[in-house]
Amino acid sequence: MLRFTTVSELKTNDKVADEIISQLNLDPLSGINYKAMLRKYLDSYRDELQIVVEDNYIDKCYRDSFANFYATKLRVRYGMSIRLSFIEPGINLPKIGYDHNDQVELIEKYHGFMVIRPLCHGIVGRTAVSPEALNHGSHIKIMEASIPTSIMGLKTVVNAFPHSSQDLQYSTCAETSIWSVMEYYGNKYSEYSPLLPSKIHKILDNRVFQRHIPSHGLQYTDISYVLMNLGFGCKTYSRDMRNRTTDEDLIFHRIFSSYIESGIPLIAAVIGDNLGHAIVCVGKEKIPRNTIKSVNPIYTSSGGHFLLWNDVKGKYVFNDDNKSTCSICDFDNPTPQYALSRGEISSIIVPLNKKIYLDVSVAIATTFSLLELFKVSGDYTVRTVLCSGRSYKDALMRDPNLSLEHKKMFLETIQFPKFIWISEIATLGSFENGIVEGLILQDATEPSQNSLSSLIYLAIKNINIFYDIDKDTLENKMLPLPINLTSYEGNLIG
């Protein structure tokens, strides 16, 4: 059965909310305010959005949890869910027809879905909504995968980062974070697959020495173990929360920022007073590039004065299973809902491709070593990101600002590995306008920490050096024009 409402009605009209929630057959004696729970997860959604409500919806993730856990209990939960689909206003949904024009308009104005599960805790299940559905959607840049779905019988996709609440018994924050990351990677890249909650527990069966169902949460090492078993070459970073220094905090944030700028979701372990939590960082708030002037400069002995974009401490976008999707929070206060616990990020788990060996901190340090080695002086900005060689070469070939001589060189002379670290160099004015005046490319598949071993290409001012794979040497190729190109923005959408 289809029903139609709006986000505003669901937030404010108790009768509408009760009618929807009543279809889940939830325990009326639980003492839980289901309306308040649902509305908490709708808090950041635009009030004017229309909603198509589908009763008796079969959700793959909840059905998996139901079959492997909830159906084995005496108090058996209901096996069906409800799906809320979010539509841009302007369509008369109750009178929508079945002709082609109506169907095209419906697909164009579709913004994603939220599953409501018949669980006393964790009523909100698998969710995928585009940033356009959120009040702050225009202010954020997030990683997006094309999630296949349907609306009123029509197949479509929604570009989103998956989200869900935790159910406190079968999937806590740790398992939910793993599921979210795999749902993203599995729908974005062919080498990975989405997974169901039971698969996480099956992987853990090979590691733990006592039962892990019902779940009491996981250590961050357990999260990394599961992801490693799912095909990643995980890298973990931690900081000593008691004896840390300002420099250590700076480096930790620099690592965090670099991976997010590179479009790699991070599972962050948050600890505080009586708090242990896992959340997923999926993007960042849009900030003006002149914010780079607020960071402390890095000096080299050759007279270089560099501002590192990766040191800018803007706000980040987190998928927290206790909040609405895509919440904007400070790096130093990622869980403001637990204000008394003073939670901070103690560790991050980075789901890297197995072929990425060069660490981000080494890549950034190598950038400055190379600038010093080639005696680059002056006032510059530096921005370092990771991407695939194929994606970057595509961006170079399409860049209208890059000269034909440089395009010919990149196409015919320089061999790109599967993954590269890009360090973009520019004066402050050019950086603010998204223009790059110098470039260092490093081989991310090279584990050596020798600065010249990872160098693929370096160009700034009159320097134009590249690695010749046939000669196994660095060659200097003079070009008539200094390099000038557009800053690479392919990893984060927005």
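## A walk through the model

Let's start with two helices, H6 and H8, which run roughly parallel to each other (an angle under 35 degrees; over 145 would be roughly antiparallel, 65 to 115 roughly perpendicular, and the rest oblique). What you have open is a predicted model, in which local features need pLDDT of at least 70 and side-chain atom pairs count only at pLDDT 80 or more, while totals for chains, interfaces and linings use all residues. Residues are numbered from 1 along each chain as its sequence is written, and side-chain values use heavy atoms, with hydrogens and water left out.

**Stop 1: a pair of helices**

Select residues 173–188 for H6 and 220–229 for H8. Helices (H or I, at least four residues) and strands (E, at least two) are DSSP runs, numbered from the N terminus. Two packed helices are described by the angle between their axes and the distance between the axes. Here the angle is about 30° and the axes are 10 Å apart; each axis is a line fitted to C-alpha atoms over the stretch in contact, and angles run from 0 to 180 degrees between N-to-C directions.

Which residues of H6 and H8 meet? Show Ala174, Ile178, Val181 and Met182 in H6, then Ile223, Val226 and Leu227 in H8. Contact means heavy atoms within 4.5 Å. The residues of this contact are seven nonpolar, no polar and no charged (Ala, Val, Leu, Ile, Met, Phe, Trp, Tyr, Cys and Pro count as nonpolar, Asp, Glu, Lys and Arg as charged, and the others, Gly among them, as polar).

**Stop 2: charged partners**

Side chains of opposite charge can pair when their charged atoms come close. How many salt bridges does the structure hold? There are 27, each being a side-chain nitrogen of Lys or Arg within 4 Å of a carboxyl oxygen of Asp or Glu.

Select Glu88 and Arg46 next: their closest N and O atoms are 2.7 Å apart. Glu88 is partly exposed at 21% relative accessibility, whereas Arg46 is buried at 14%. Buried means under 20% relative accessible area, exposed over 50%, and partly exposed in between (1.4 Å probe, protein chains only).

Now show Glu54 and Arg83, whose side chains form a salt bridge of 2.8 Å, N to O. Because Glu54 belongs to strand E2 and Arg83 to strand E3, the pair joins parts that are 29 residues apart in sequence. Are they buried or exposed? Glu54 is buried at 15%, and Arg83 is buried at 3%.

For another pair, pick Arg254 and Asp311, with closest N and O atoms 2.7 Å apart. Arg254 is in helix H9 (residues 246–261) and Asp311 in the loop between strand E13 (304–308) and strand E14 (315–319), 57 residues apart. Both Arg254 and Asp311 are buried. Elsewhere, salt bridges that share partners link Lys141, Glu261, Lys284, Arg289, Arg383, Glu424 and Glu489 into one network.

**Stop 3: helix H4**

Move to residues 60–68, helix H4, and find Ser65 there. Ser65 is buried, at 5% relative accessibility. Apart from residues up to four places away in sequence, Ser65 touches Tyr70, Tyr170 and Pro197.

Next, color Cys61, Tyr62, Asp64, Ser65 and Phe66, which are buried in H4. What covers the buried residues of H4? The cover includes E3, strand E5 (124–129), H6 and helix H7 (197–204).

**Stop 4**

Ser324 lies in the loop between E14 and strand E15 (327–330) and is buried at 6%. Beyond its neighbours within four places in sequence, Ser324 contacts Lys40, Tyr41, Asp43, Ser44, Tyr45 and His163.

Met152, in the loop between strand E7 (145–151) and strand E8 (154–160), has a phi near 50°, a positive value in a residue other than glycine. Met152 is partly exposed, at 25%.

Finish at Asn274, between strand E10 (266–272) and strand E11 (275–285). Its phi is near 55°, again positive in a residue other than glycine, and at 86% Asn274 counts as exposed.
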